Amino acid sequence: MGNTVSAIDSSRVTRKAKKRARNRGMFNYPNGRNIQEEYSPSGANQWVTVFFNWADHKYNDEELMDLVVARINARDGIISSEPVHHDIKWCLSLRVPVYWNPSDISIAGTAKVIAQWHQSEMRHAGVKINRKYLFRGSNRRKKCHFVR
């Protein structure tokens, strides 16, 4: 996260994805209703995105948030101006409101606190990760069968 390679070009996020982004969040209330993502009208947001692999699918929601925190600490993710999870499967983007001109380190530190807050909400308020959206589609390569 600490170098220019970690930044993603926001032009890759399509208008259709931005429209979808206003309707779907990565977390659900205990009753299953989706918690919509909040956007700043000024557009002053950064997003920290962490990617998952097939082995991560087995973890419960709190353990997944532990993975998110660990990967943020390890700088294993990307920082972008738009949420990546609407265009790419098997990743979780956390919104970091930006009120000043922050560095990658302060954005990552804030994202870590936000991830820990979500984990606390899971533990105490019953909030859940929207696993159906997070793990949509298959992240495994399909085997090709050739007919001879």
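This is a predicted model: local features need pLDDT of at least 70, side-chain atom pairs count only at pLDDT 80 or more; totals for chains, interfaces and linings use all residues.
1. Overall architecture. The secondary structure of the protein consists of 4 helices and 6 strands. Followed along the sequence, these elements are arranged in the pattern α-β-β-β-α-β-β-α-β-α.

2. Burial and contact range. The protein has 148 residues, of which buried residues make up 38%. Among contacts in the protein with a separation of 6 or more, 78% are accounted for by residues 24 or more positions apart.

3. Geometry of the α2 and α3 pair. Helix α2 covers residues 61-73, and its axis comes within 9 Å of the axis of α3. The two axes cross at roughly 170°. Because an angle over 145 degrees counts as roughly antiparallel, α2 is described as roughly antiparallel to α3.

4. Residues at the helix contact. On the α2 side, the contact is made by Asp 61, Glu 62, Met 65, Asp 66, Val 68, Val 69, Ile 72 and Asn 73. On the α3 side, these residues meet Ala 108, Ala 111, Lys 112, Ala 115, Gln 116, His 118, Gln 119, Met 122 and Arg 123. Divided by class, the contact of α2 with α3 contains 8 nonpolar, 4 polar and 5 charged residues.

5. A further position on α2. Glu 63 also lies in helix α2. Gln 119 itself is among the α3 residues in the contact with α2.

6. The largest pocket. The volume of the largest pocket is about 430 Å³. It is lined by 18 residues, and those closest to its centre are Phe 27, Ile 35, Gln 36, Trp 117 and His 118. Two elements, β5 (91-97) and α3 (104-125), each give two or more residues to this lining. By class, the lining divides into 10 nonpolar, 4 polar and 4 charged residues. His 118 deserves mention on two counts: it is one of the residues closest to the pocket centre, and it is also one of the α3 residues that meet α2.

7. Backbone at Arg 75. Arg 75 is not a glycine, yet it has a positive phi of about 60°. The residue is found in the loop between α2 and β4 (78-80). Its relative accessibility is 34%, so Arg 75 counts as partly exposed.

8. Backbone at Trp 90. A positive phi of about 60° also occurs at Trp 90, which is likewise not a glycine. Trp 90 is placed in the loop between β4 and β5. With a relative accessible area of 2%, Trp 90 is buried, whereas Arg 75 is partly exposed.

9. At 30% relative accessibility, Ser 81 counts as partly exposed.

Notes:
Residues are numbered from 1 along each chain as its sequence is written. Side-chain values use heavy atoms; hydrogens and water are left out. On a 1 Å grid over the protein atoms alone, a cavity is a set of points where a 1.4 Å probe fits but cannot get out, and a pocket is an open set with protein on both sides within 12 Å along at least five of seven lines; lining residues have an atom within 4 Å of a point. Grid points are joined across faces, edges and corners, and a volume is the space filled by probe spheres set on the points. Ala, Val, Leu, Ile, Met, Phe, Trp, Tyr, Cys and Pro count as nonpolar, Asp, Glu, Lys and Arg as charged, and the others, Gly among them, as polar. Axes are lines fitted to C-alpha atoms, for helices over the stretch in contact, and angles run from 0 to 180 degrees between N-to-C directions. Angles under 35 degrees count as roughly parallel, over 145 as roughly antiparallel, 65 to 115 as roughly perpendicular and the rest as oblique. Contact means heavy atoms within 4.5 Å. Buried means under 20% relative accessible area, exposed over 50%, partly exposed in between (1.4 Å probe, protein chains only).
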